[in-house]
Amino acid sequence: MQAELVIYPQWILPVDRDNRQLTNHALAIADGRIVAIVPAAEARQSIHAQQVLELPEHVLIPGLVNAHTHAAMTLLRGLADDLPLMTWLHDYIWPTEQRWVDAEFVRDGTRLAVLEMLCGGVTCYHDMYFHPEVTAQVTADAGMRAVIGMIVVDFPTGYAANADEYLSKGLALHAAYRDHPLIRVAFAPHSPYAVSDAPLQRINALAAQLDVPIHLHLHETHDEIVQSERDHGQRPFQRLDQLGLINSRLLAIHMTQLNDAEIARLAETGAHVVHCPESNLKLASGFCPVEKLLAAGVNVALGTDGAASNNDLNILGEMRTAALLGKGVAGSATAVSATAALRMATINGALALGLADEIGSLEVGKSADIVALDFNDLHTQPVYHPGSQLVYAASRQQVRQVWIRGHQVVRDGVPTSLDSAEVIAAARAWGKRIIDSAV
Ligand SMILES: CSC[C@H]1O[C@@H](n2cnc3c(O)ncnc32)[C@H](O)[C@@H]1O
Ligand SMILES: [Zn+2]
């Protein structure tokens, strides 16, 4: 067999159906796809590659999927901390966004986010933010994969004046990226409290017609439920269900407030949940009942949320938090295992985004979106179970090599497609401008 690259790591965690942990296997890549995963001895005999990479003490995993973020909010990291959601949003974040967010802000903030995510082993993300055409362009230029949200809110912003304008800009983005190998789009109405019934119904119809996901914040806090019961006489979930939005195209972000009937309805309809444990903890929003959802058969993916409420875009860290918090919430040490957390950060994210045929696991035929972490580090010795070590002990500084569609975007810990010094200088300049205007 001919290949462009053969990698010889110590371990491979393919995140396949059987959750195998392979030792002394090789992975071969040709034309951006995985063409073989076989024992190393066999690969050395039968695969002729242009490039061979020996990675002793390394583990190969599928590229991580950040299923919910607001990439450009990296520029607001640390602006307003230790506040509850509505105070944080209404008194700090939304006024700052109204004043500062434009195409340049989104370009520089997204570059910082892309750099942070790539260096941390995230190869695909799902975004919801203003000027999504800029987010898409920056991401594609960096060779990263993303599903970019066509945002909608009821109120005017610097990006659009009303639901019609948000939608028409979103649809233009959809048309522009129809055949792009790395960029897909999804509808991203912000939440049931920021988008009224008519645009939600229109979005639902368009999503079915174009066969794209819908991504919205849902049941993030208890206050959201109280407000909806007061304004609509029903819980947000019920309202969305009546409008037809609880279906297999939906990614419901947060879901900290869930009753048994809602969990059953999610399972019955095939709607997905994106769990953002660190954002939920930091804003004291509540606890998503992850183990109950998994037990009911609901697909649960992982997201960081934006860097202003987390304050990082670290899916490796999010896996650890999800596994630890999941046990606390379920009152059971067997809940949300390391294996479950890794699946949430990879294949479950891919499934939720409609990309499971392409990414989310290391299997022959799938795109070569791959991460290598070096376990030859004091934090990860000794290695009894590479999967447990990955989730409970490894840090993102151990991410050394990252490929997307077979292209190396991080080599020996250094990003290849963005200039870190330039990106950091631009972020620092934004921080100075924003803080100087406040004093
Ligand atoms: C319409 S663009 C996205 C919008 O969402 C805001 N945002 C960021 N994090 C959260 C969150 O946890 N809940 C609700 N809204 C959030 C962001 O600031 C943008 O305005
Ligand atoms: Zn969010």
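Modeller: Glutamine 257 counts as buried because its relative accessibility is 17%, where buried means under 20% relative accessible area, exposed over 50% and partly exposed in between (1.4 Å probe, protein chains only). This is a predicted model, in which local features need pLDDT of at least 70 and side-chain atom pairs count only at pLDDT 80 or more, while totals for chains, interfaces and linings use all residues. Residues are numbered from 1 along each chain as its sequence is written, chains are lettered from A and ligands numbered from 1 in the order in which they are written, and side-chain values use heavy atoms, with hydrogens and water left out.

Glutamine 257 sits in the loop between β11 (250-254) and α9 (260-269); helices (H or I, at least four residues) and strands (E, at least two) are DSSP runs, numbered from the N terminus. Its side chain makes a polar contact with the side chain of threonine 256, at 2.8 Å. A polar contact is a pair of N or O atoms within 3.5 Å; within protein, one must be able to donate a hydrogen and the other to accept it, and residues adjacent in sequence count only if both atoms are side-chain atoms. Leaving aside residues up to four places away in sequence, glutamine 257 touches His219, Thr221, His222, Ile225, Arg235, Glu262, Ser285 and Gly286, contact meaning heavy atoms within 4.5 Å.

Now to a strand elsewhere in the chain. Strand β8 (residues 145-152) has eight of its eight residues buried. In a regular strand the side chains alternate between the two faces of the sheet. In β8 both faces are covered, with Arg145, Val147, Gly149 and Ile151 on one side and Ala146, Ile148, Met150 and Val152 on the other. Strand β7 (residues 122-127) runs parallel to β8 and is joined to it by four bridges; two strands pair if DSSP finds at least two bridges between them. Cysteine 124 has arginine 145 of β8 as its bridge partner. β8 also pairs with strand β9 (residues 183-189), in the parallel sense, over seven bridges. There, valine 147 has arginine 184 of β9 as its bridge partner. From β8 the chain passes through helix α5 (residues 163-176) to β9 in a right-handed β-α-β crossover: with the strands pointing away from the viewer, the path from the first strand over the helix to the second runs clockwise.
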